[in-house]
Amino acid sequence: MLNQSFRQWSLYTTFLILGGSLGFLGHAYWFQRQLNASLQAYGEFRQYEQSLAALDLNQDSVNFIAEAVKTVGPTVVRIDALDQTEASASPTPLFKKFFQLEEGFPTFDGDRQPQGTGSGFILSSDGQLVTNAHVVGNSSKVKVTLKDGQVFEGQVMGVDELTDIAVIKIDATGLPTATLGNAAGLTPGEWAIAIGNPLGFDNSVTVGIISALDRPSAQVGIPDKRVRFIQTDAAINPGNSGGPLLNVRGEVIGLNTAIRADGQGLGFAIPIETAQRIAQQLFTEGKATHPYLGIRMLALDGEGKNRLRETLPAMAQDLDLNQETGVLVIEVAPDSPAAIANIQVGDILKQVGDQPVLTAFDVQDVVERSSIGADLPIDLKRRGKMRQLTVQPTEFPS
């Protein structure tokens, strides 16, 4: 009997010790998980603090958007185009819609009616401004309104239709200037801020993200332009044209240009490197120069091959479309640099300069970066054999 009681007592004691041990271990596991969660939360908080510090914000700041706008807002201007003539060139369909929506704002001096209203921003303290070519149209003078209400008559110093850039000079000094950033380092998904005068609502701010980069002009709907656009979902409306697109540091990364009339959340901006390069040429020379070859091209990708079969079946039969890649020459302008260099219809461009090419946009980009009058080597395939030719681009004909 005693032995049985002892065994029962030993068994109870064992269960008690085992239960206590499991409870202790469970508590220790729970405590470790809580500690890890706390450390993770602290680490995330420190990363958040560091990100704020990287933006140079202080505790009194509302947010980074307000800080960027506070810095750049005074450099954004409203532009009312004046004196457009009936002989002015019609804008592309995308820009024509902008013109129709941007008419009818107050006159500059009671006699001249503004034909289009848009935005721009100040490049230099002595009154150099940049905007879109489709904002000024064929005007030689514009009305420029600063954020503080000052009004100037501006002189249009140059217009480049191929990139939709125009520059303006006003007689002023000591103006605030926009800080230019770098569009080449952008990443889709990062913040984007737009400032402008949409629909007559001056100094409006919208925010979104960089949706995509390097959108070809043909894809945007304006194939006659030589620009690879930044795409953003920051709201861009008629009147925003010519205003700045900013990053989180308040640096200008693009010049807002267009929206797609058939979609929402699709805005496009000219990369600031392109806008700055063209603006500098317009201010110093009164015009921008673009190298020109004189060919029409078709990429031999899936869509291009289908178009070739439908529109040029005879040419399609001469090519092994199942295997062929590159850019097909479908037309050569008479007396053009391409014609002089003996580039022929049916040639397949493989490499231009030191850049392999797969699309017409690849070719256009290389040509745009080339120098007028300088040798530009081209590797091409003609009737199954590889050849190398040298072309000398000339200035794009007006």
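Student: Where does Thr257 sit in this predicted model?

Tutor: In strand β11, which covers residues 252-259.

Student: Why is Thr257 called buried?

Tutor: Buried means under 20% relative accessible area. Thr257 has a relative accessible area of 0%, so Thr257 counts as buried.

Student: Okay, on to helix α7. Which of its residues are buried?

Tutor: Gly304, Lys305 and Leu308, in a helix that runs over residues 302-311.

Student: How do you know that they sit on the same side of α7?

Tutor: Gly304, Lys305 and Leu308 are the buried ones, and they cover an arc of only 100° around the axis, which puts them on the same side.

Student: What do those buried residues pack against?

Tutor: Against β14 (295-299), α8 (313-317) and β15 (327-332).

Student: And which exposed residues does the face turned away from the buried side carry?

Tutor: Glu303, Glu310 and Thr311. Being called exposed takes over 50% relative accessible area.

Student: Zooming out, how much of the protein chain counts as buried?

Tutor: 42% of its 398 residues. The chain has 10 helices and 20 strands, and it exposes about 21000 Å², with carbon and sulfur atoms supplying 52% of that.

Technical notes: Residues numbered from 1 in each chain as written. Predicted model: local features only at pLDDT ≥ 70, side-chain atom pairs only at ≥ 80, totals over all residues. Heavy atoms only, no water. Helix = DSSP H or I, 4+ residues; strand = E, 2+ residues; numbered from the N terminus. Buried < 20%, exposed > 50% of the residue type's maximum accessible area, 1.4 Å probe, protein only. Areas by Shrake-Rupley, 256 points an atom, 1.4 Å probe, with all protein chains shown as cover. Arc of directions from axis to C-beta. Contact = heavy atoms within 4.5 Å.
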